[in-house]
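Visitor: I would like to learn how to read a protein model. Where do we begin?

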Amino acid sequence: MSAHCMLTGARPGFGNRISHSHRRTSRRFDPNIQSKRYWLPSEGRYVRLRLSTKGIKTVDTIGVEAAVARIRARGVRI
């Protein structure tokens, strides 16, 4: 499963681990992705969304209908 948010589009960032001796090795900063189920009243069904924690807060603010509309506008199929 890919580590990206359906709503905000947050994806992993990449950088370096730096040891005490200052050697650099690759590392990956993953967003905090959670799978959450929401009731979608307009369709009369539940939808399962993979959202970052910031995305979950956004859904709480704007509502699930508006969030699903934004997700579909980005071209993501639900």
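Guide: This is a predicted model. Begin with one side chain. Trp-39 has 43% relative accessibility, so Trp-39 counts as partly exposed.

Visitor: Is Tyr-46 buried or partly exposed?

Guide: Tyr-46 is partly exposed, because its relative accessible area is 44%. Buried would mean under 20%.

Visitor: How many aromatic pairs does the rule count here?

Guide: The count is one aromatic pair. Its partners are Trp-39 and Tyr-46. Their ring centres are 5.0 Å apart, and their planes make an angle of 70°. Planes over 60 degrees apart count as edge-to-face, so this pair is edge-to-face.

Visitor: Which charged end sits over the ring of Tyr-46?

Guide: That of Arg-37, at 3.7 Å from the ring centre. Look also at Phe-29: the charged end of Arg-27 sits over its ring, 3.7 Å from the centre.

Visitor: What is Val-59 in contact with, leaving aside its neighbours within four places in sequence?

Guide: Trace the chain and you find Leu-7, Tyr-38, Leu-51, Val-64 and Ala-67 in contact with Val-59.

Notes:
Residues numbered from 1 in each chain as written. Predicted model: local features only at pLDDT ≥ 70, side-chain atom pairs only at ≥ 80, totals over all residues. Heavy atoms only, no water. Contact = heavy atoms within 4.5 Å. Phe/Tyr/Trp six-rings, centres within 6.5 Å; stacked < 30°, edge-to-face > 60°. Buried < 20%, exposed > 50% of the residue type's maximum accessible area, 1.4 Å probe, protein only. Lys NZ or Arg CZ within 6 Å of the ring centre and 35° of its normal.
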